[in-house]
Amino acid sequence: MNASVRKLGALMGKDVTDMLKNPTMIVCIVMPVAFVLLYRYIMGNVGGSMGMMGGADMGADADMETVEGLITYVLLNTALCMTIGMTSSAMLVYGLAEEKEKHTLRTLMLANVSAEQIMLARGLVTLVVTAVVEALCFFVSGAPMHLFAPYMAIGVLGALPIILLSLVLGLASRDQMTAGLYSVPILLVVIAPMLSGFSPMLGDIARFLPTGGAASLLRLATEGALFGSEAVLPLAVTAAWIVLGLVVFKLLYRKLATDN
Amino acid sequence: MSATILSMEAVSLSFKDKRVLNNLTFAIPRGEAFGFLGPSGAGKTTTIKLLTRQLKRDAGRISLFGRPIDNATSADYERIGILSDTSALYERMSIADNLRLYAQLRGASQRRIPYLLERMGLADDQKTLIKNCSKGMRQRTALAAALIHEPELLFLDEPTSGLDPAARAEVHRMLAELSGKGCTIFLTTHDMAEAETVCDRVAILDHGAIAACDKPEALMLRYARNRIVVKTRTRGTVETSKDAAGAAALAELLEAGEVLSVHSDEPNLEEVFLELTGREF
């Protein structure tokens, strides 16, 4: 077996084993699912109340469809933002910071493992776990199944720039304390599209943030307009953040990988 | 003569304005156990970091397996095992799982794991999580991880620190076996007894420079005092010199039936260090 593939497999196995035994990581995995469950409970009650107020005429049916579509969007957007914020970002930043703090990163590198291999393994494991958590959130949300494939594609795409930036932040963190400091601002940026309903100005800004493109695509998907011209701008925003993430990662990881 | 595996030639390093290594020169042939001795802060760990490319030198040449270290490839580093001062293990994984990880990373046979666990006295504790291990158990696990792929060149930074005497003796036996099989060992320690036991040759480092480099017994003989200590029946301890006058005095004591024991008063390595540097450990 090729040495690089062998090492990548070993590192990914280690990352999964370690993650499943780490309470911080478990919280990062469970939180988005718990949030979606809570939101579904709250939103379900809101939807139910609106249904009772609407009566049974045709106009009320149309309103109900709009409300249900909106609730589905809010739930899926919450799922996407929370998963990317907690699983793709916080989990990754804390995990790498712990490796630096406890010198296991240095020990791996002294065992002839390259920084590239460590980053690739971490990134891949995080991407897979993100997809699993996103899928769990989807099923918990009760969203219609025809949205599953577009939701997963948007979720994975939206997670890519955050994973790249989080790898850099994880390497930049000296310890888990610093990781906490770095994680909070990135979490706020990631969940900004969740809060965009509170202010039109915030909504306008959030569209251009790392998860803004994914949130806009998700809205189009719930409205059945994902393959229209309106999808071009959010796709471009997401692509731009992926490219930016790659550039930042490429520029900084080598310098940061040689800890202190 | 065996091929040189590792060498430094006029290597220097400064941190900002402070010179930490000064003109280091040595060469280590295949299969030699080479000790780098000195007190804390003498530059031992810094030297290992230079030799393992964790730091870059300011001046001089370093060669690894006969090639300049700057040209060393990943394949060269597969032939090396390192136990550094910060070697760390995954705390939420067991001793055996940590060794399995390093075996997989190094492409070593998993069959090495039971052997190493047995030799390190960890067989009964192999399922213990690292976070529940004592310092000595962690050190033995880290050493086993460094040995998992049977390296040709082994860097050991204070390998027996934190070990009890029995574990230390076992590690010394293992190092002697490895050296006997042709493994080259670069060992730093401030334990002079360990250096005398394990090393074929030692370099004494003082303030970043090599003060002396030779076989332990040669160093001890070089700095031997001109003194013989005789314990007698009635005259207490008598000191005499290693010359004709001393021989006459000793002969007189022997004839008088006074001699209980005779000792040639060679210094140990610690005393050699004191002699060389004027500093105690």
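1. The six-stranded sheet of chain B is open, has mixed pairing and runs in the order β6-β7-β8-β3-β9-β10. Strands here are DSSP runs of E with at least two residues, helices are runs of H or I with at least four residues, and both are numbered from the N terminus; two strands pair if DSSP finds at least two bridges between them. At the edges sit β6 (80-83) and β10 (209-214) of chain B, each of which pairs on one side only. On average, neighbouring strands of this sheet are turned by 15° against each other, direction ignored. Axes are lines fitted to C-alpha atoms, for helices over the stretch in contact, and angles run from 0 to 180 degrees between N-to-C directions.

2. Before going on, a note on the model: it is predicted, so local features need pLDDT of at least 70 and side-chain atom pairs count only at pLDDT 80 or more, while totals for chains, interfaces and linings use all residues. Residues are numbered from 1 along each chain as its sequence is written, and chains are lettered from A and ligands numbered from 1 in the order in which they are written.

3. Back to that sheet: β9 (residues 201-206) of chain B is joined to β10(B) by five bridges, and the two run antiparallel. Val202(B) stands opposite Asp214(B) in β10(B). Helix α6 (residues 165-180) of chain B packs on the sheet and touches β3 (33-37), β7 (153-157) and β8 (184-189) of chain B. The direction of α6 makes about 145° with that of β8(B).

4. There is also an open four-stranded sheet in chain B, ordered β2-β1-β4-β5 with antiparallel pairing. β2 (18-29) and β5 (67-68) of chain B have a single partner strand each, so one side of each is left without a neighbour in the sheet. Eight bridges hold the antiparallel pair of β1 (residues 4-15) of chain B and β2(B). In that pair, Val11(B) stands opposite Leu24(B).

5. Now the contact between chains: 18 residues come from chain B and 18 residues from chain A, with contact meaning C-beta atoms, placed from the backbone, within 7 Å. On the chain B side, α2 (74-77) and α3 (95-106) are the elements that give two or more residues. The largest share, five residues, comes from α3(B). By class, that side has eight nonpolar, seven polar and three charged residues (nonpolar: Ala, Val, Leu, Ile, Met, Phe, Trp, Tyr, Cys and Pro; charged: Asp, Glu, Lys and Arg; polar: the others, Gly among them).

6. Finally, the domains: chain B is divided into domain 1 (4-215) and domain 2 (225-265), with bounds from an automatic or database domain assignment. Their C-alpha centres lie 44 Å apart.

Conventions
Two residues are in contact if their C-beta atoms, placed from the backbone, lie within 7 Å.
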